Amino acid sequence: MDEYAVPILPSRDLDETLEFYGRLGFESRGRWDGPDGYLIVVRGTVELHFRHDPGVFNGRPVKLKG
């Protein structure tokens, strides 16, 4: 059996994520809503997982500590 990895990426908004990846040809394989929301999208042999994280980078500058 071939080995493969499936990334689990943060998503600020699962609806926006599904819409964006849908435009790229991905289809929803599964979704769980709520505070621990989770989304799986697939396109051919590519599978991406997203976990809901409202604090993830939203395009605004981030001030790094250090």
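First, the ground rules. The model is predicted, so to speak of local features we need pLDDT of at least 70, side-chain atom pairs count only at pLDDT 80 or more, and totals for chains, interfaces and linings use all residues. Residues are numbered from 1 along each chain as its sequence is written, and side-chain values use heavy atoms, with hydrogens and water left out.

How confident is the predictor? pLDDT is its confidence in each residue, from 0 to 100. The protein chain averages 89, and 88% of the residues score at least 70. One caution: where pLDDT is low, the predicted coordinates should not be read in detail.

Now the layout. The chain has 1 helix and 4 strands. Helices (H or I, at least four residues) and strands (E, at least two) are DSSP runs, numbered from the N terminus. The order from the N terminus is β-α-β-β-β. The chain has 66 residues, and 21% of them are buried. Buried means under 20% relative accessible area, exposed over 50%, and partly exposed in between, with a 1.4 Å probe and protein chains only.

Let's take the helix, α1. Asp 13 caps its N-terminal end, with a side-chain oxygen 2.9 Å from the backbone nitrogen of Asp 15. A polar contact is a pair of N or O atoms within 3.5 Å; within protein, one must be able to donate a hydrogen and the other to accept it, and residues adjacent in sequence count only if both atoms are side-chain atoms. Just after α1, Gly 25 takes a positive phi of about 95 degrees.

Which residues of α1 are buried? They are Leu 14, Thr 17 and Tyr 21. They sit on the same side of α1, because they cover an arc of only 55 degrees around the axis. That arc is taken from the directions from the helix axis to the C-beta atoms. The face turned away from the buried side carries the exposed residues Glu 19 and Arg 23. The cover over the buried residues includes β1 (8–11), β2 (27–32), β3 and β4.

Look at Thr 17. Its relative accessibility is 12%, so Thr 17 counts as buried. Contact means heavy atoms within 4.5 Å. Leaving out residues up to four places away in sequence, Thr 17 touches Ser 11, Leu 39 and Phe 50.

On to the core. A nonpolar core is a set of buried Ala, Val, Leu, Ile, Met, Phe, Trp, Tyr and Cys residues joined through side-chain atoms within 4.5 Å. The largest has 7 residues: Leu 14, Tyr 21, Phe 26, Leu 39, Val 41, Leu 48 and Phe 50. Beyond its neighbours within four places in sequence, Val 41 contacts residues including Leu 18, Tyr 21, Phe 26 and Phe 50.

Last, the rings. Phe, Tyr and Trp rings (the six-membered one for Trp) pair if their centres lie within 6.5 Å; planes under 30 degrees apart are stacked, over 60 edge-to-face, and the rest tilted. That gives 4 aromatic pairs. Phe 20 and Tyr 21 are edge-to-face, 5.1 Å centre to centre, with 85 degrees between the planes. Tyr 21 and Phe 50 are tilted, at 5.1 Å and 45 degrees. Tyr 21 lies in α1 and Phe 50 in β4, so this pair ties together parts 29 residues apart in sequence. Phe 20, Tyr 21, Phe 26 and Phe 50 form one aromatic cluster.

Terms used. pLDDT is the predictor's confidence in each residue, from 0 to 100.
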